[in-house]
Amino acid sequence: MNDSRMELASERRVSWFDTETAPSQPSPSQVTSQDVPESDAVELPIVCIVGLGYIGLPTAAMLAGHGFRVHGVEVDPETRATINSGKAHVIEPDLDQLVKAGIDSGRLKAFAQPAQAEAFMLCVPTPVDERAAADLSLVDAATRAICPFLRQGNLVILESTSPPGTTERIARIVHEETGLTDDQVYFAHAPERVLPGSILHEVVHNDRVVGGVNEASTQAAVKLYKTFVRGQIFTCHSRVAETVKLVENASRDGQIAFANELSILCDKLEIDVRELIELANRHPRVNILAPGCGVGGHCIAVDPWFLVDKAENELGIELPMIRTAREVNDGKPKWVADRVIEHAAKFKSPTIACLGATYKPNIDDLRESPAAQIVRDLVGRVSGTVLLVEPHIDAFDSVELCEMHDAIERADIVVFLVAHSQFRNISQETLAEKLVVDTCGATHQTLAPK
Ligand SMILES: NC(=O)c1ccc[n+]([C@@H]2O[C@H](COP(=O)([O-])OP(=O)(O)OC[C@H]3O[C@@H](n4cnc5c(N)ncnc54)[C@H](O)[C@@H]3O)[C@@H](O)[C@H]2O)c1
């Protein structure tokens, strides 16, 4: 697909999303898999996806697989080259084949700049800055980048997780830059809830929350999502959709903080926190989550701060529970490192094998990883040797990677940081002579009733 083909197609049919062609507003339970049109049976709009990372690339490849023509936009030249050679730069089951099929069919291509399209999806990162406030600079940049290509009747969807009001902010930027109003362009937020490792399945099968800045925008976005979503689509205002996503992650963060706090209590009580939680969860209405070495990733460890920042700095209220949960989870890696260093003091020159560095099991993602933070902390503080076993990455910044059996054999202390499936099968005999610190339950045996 080249730019001129894209332009011609766009001129041919400018308003795929116009309300007269859009479906009437569905009630939540009305939109089901039976409503998903066959991709061959409908003329699909051209979609420009800005940001081809963990969310943008699977979405782009999946849409190309559904028959959309997808103009991908990616600032990183290496990432563009990888994608255009038919490969995925992120590890995700089946993604490589889907990207290759998209590139081979000419339905997917990565470019440095946006082009005219009918729908624009913004999938750029939304990190927190040093004040723990949302850094929307990449959303703003992506919005300004699409402005020269926007036409009346286009749909702009924000998929990036964002503070309440960000979709309306995008509409304001578009208005300032182009003069187009939210009566002329549709603006909506559709938060992603996909689980890394199952993204291609979940992006189609999960229920979706779709919220426009006005009713027509909501309907336009629903029309697009109905072409590929097989879960139910629930509609609301964009500010609700933005807040829903943040609240989901703040809720998970709070529940994990509770479990992490229990692990600190149990350490002092010299009891097993997993045994405690398993027994407490036999209560029919109690469901405590599992503790870990902290909370990582770009979602749960980040998104609750968007709420805290909004509340404290714009709304003049405090959110002590959400803030405290973040602080408890953020404090856990240092607590783990301190415990390991206490154990290390029992040896003259200890060798510590750290098992796992990613932010959760069976993925290659190190972003905001508490395990990686612990490894770096130990490397800086231990007078001995720190070994890292991480089967999902090729290199780590502060220490060389080691083969699992070799590392365990050499170690005085084995620290389980991430419950990768490879680590769950390590025998008791292999660990018999070792001092074991299990922060993630990799060695835990489920209790059996007597
Ligand atoms: N990864 C997940 O599991 C997940 C789940 C739900 C929501 N989200 C949200 O989705 C958004 C994207 O996350 P991600 O994990 O895909 O991030 P990512 O870092 O994997 O990918 C983002 C991509 O955007 C590119 N980029 C940045 N600015 C750009 C610009 N102006 N133009 C073009 N490309 C640009 C980056 O180079 C990168 O390749 C974030 O808001 C995140 O919170 C992610």
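Predicted model: local features only at pLDDT ≥ 70, side-chain atom pairs only at ≥ 80, totals over all residues.
1. On the H9 side, Ala259, Leu262, Ser263 and Cys266 take part, and they meet Val273, Leu276 and Ile277 of H10. The axes of H9 and H10, the latter spanning residues 273–280, come within 9 Å and cross at roughly 125°.

2. The loop between H9 and H10 deserves a separate remark. Glu270 is found in this loop, just after H9, and takes a positive phi of about 55°. Most residues other than glycine have a negative phi. Glu270 is not a glycine, yet its phi is positive. Is Glu270 buried or exposed? Glu270 has 6 other C-beta atoms within 10 Å and is therefore exposed, since a residue with 12 or fewer is placed in that class.

3. The phi of Asp94 is near 70°, and Asp94 is a residue other than glycine. Its place is the loop between helix H3 (77–84) and helix H4 (95–105). Asp94 has 13 C-beta neighbours inside 10 Å and so counts as partly exposed.

4. H9 has 32 residues, and the distance from its first C-alpha to its last is 47 Å, close to the 46 Å expected at 1.5 Å a residue. H9 also packs against H12, at an angle of about 50° and with the two axes 8 Å apart. H9 and H12 are therefore oblique to each other.

5. Which residues meet where H9 packs against H12? From H9 come Ala250, Asp253, Gly254, Ile256, Ala257, Asn260, Glu261 and Ile264. From H12 come Met321, Ile322, Ala325, Arg326, Val328, Asn329, Lys332 and Trp335. An α-helix has 3.6 residues a turn, so residues three or four places apart point the same way. The reader may follow this spacing along the lists for both helices.

6. H12 has 25 residues and reaches 36 Å from its first C-alpha to its last, close to the 36 Å expected at 1.5 Å a residue. Where does a kink lie in H12? The kink, of about 30°, is at Lys332, shortly before the proline Pro333. Both Lys332 and Pro333 belong to the buried residues of H12, which also include Ile322, Ala325, Arg326, Val328 and Asn329. Further along, Val336, Ala337, Val340 and Ala344 are buried as well. Among the elements that cover the buried residues of H12 are helix H9 (238–269), helix H11 (303–315), strand E11 (413–416) and strand E12 (435–438), together with E9 and H13.

7. H13 covers residues 370–381, which makes 12 residues, and it reaches 16 Å from its first C-alpha to its last, close to the 16 Å expected at 1.5 Å a residue. Its buried residues are Pro370, Ala371, Ala372, Gln373, Ile374, Val375, Arg376 and Leu378. The cover over these residues includes helix H12 (320–344), strand E9 (351–355) and strand E10 (385–389). H13 in turn is one of the elements covering the buried residues of H12.

8. A further helix pair is H2 and H4. Helix H2, residues 56–65, packs against H4 at an angle of about 55°, with their axes 9 Å apart. H2 and H4 are therefore oblique to each other, and H2 passes H4 in a left-handed crossing. The contact is made by Leu57, Pro58, Ala61, Met62, Ala64 and Gly65 of H2 and by Leu95, Leu98, Val99, Ala101, Gly102 and Ser105 of H4.

9. Two arginines close the note. Arg151 is found in the loop between helix H5 (137–146) and strand E5 (155–158), and it counts as partly exposed, with 16 C-beta neighbours inside 10 Å. Arg151 and Ser15 are 136 residues apart in sequence and 8.9 Å apart in space, C-alpha to C-alpha. Arg169 has its place in helix H6 (residues 166–178) and is partly exposed, with 17 other C-beta atoms within 10 Å. Arg169 and Val99 are 70 residues apart in sequence and 32 Å apart in space, C-alpha to C-alpha.

Key. Residues numbered from 1 in each chain as written. Helix = DSSP H or I, 4+ residues; strand = E, 2+ residues; numbered from the N terminus. Expected span 1.5 Å × (residues − 1). Buried ≥ 20, exposed ≤ 12 C-beta atoms within 10 Å, placed from the backbone. Contact = placed C-beta atoms within 7 Å. Bend = angle between axes of the 7 residues up to and from the residue. Axes fitted to C-alpha atoms, helices over the stretch in contact; angles between N-to-C directions. Parallel < 35°, antiparallel > 145°, perpendicular 65-115°, else oblique. Left-handed = near helix turned anticlockwise from the far one by under 90°.
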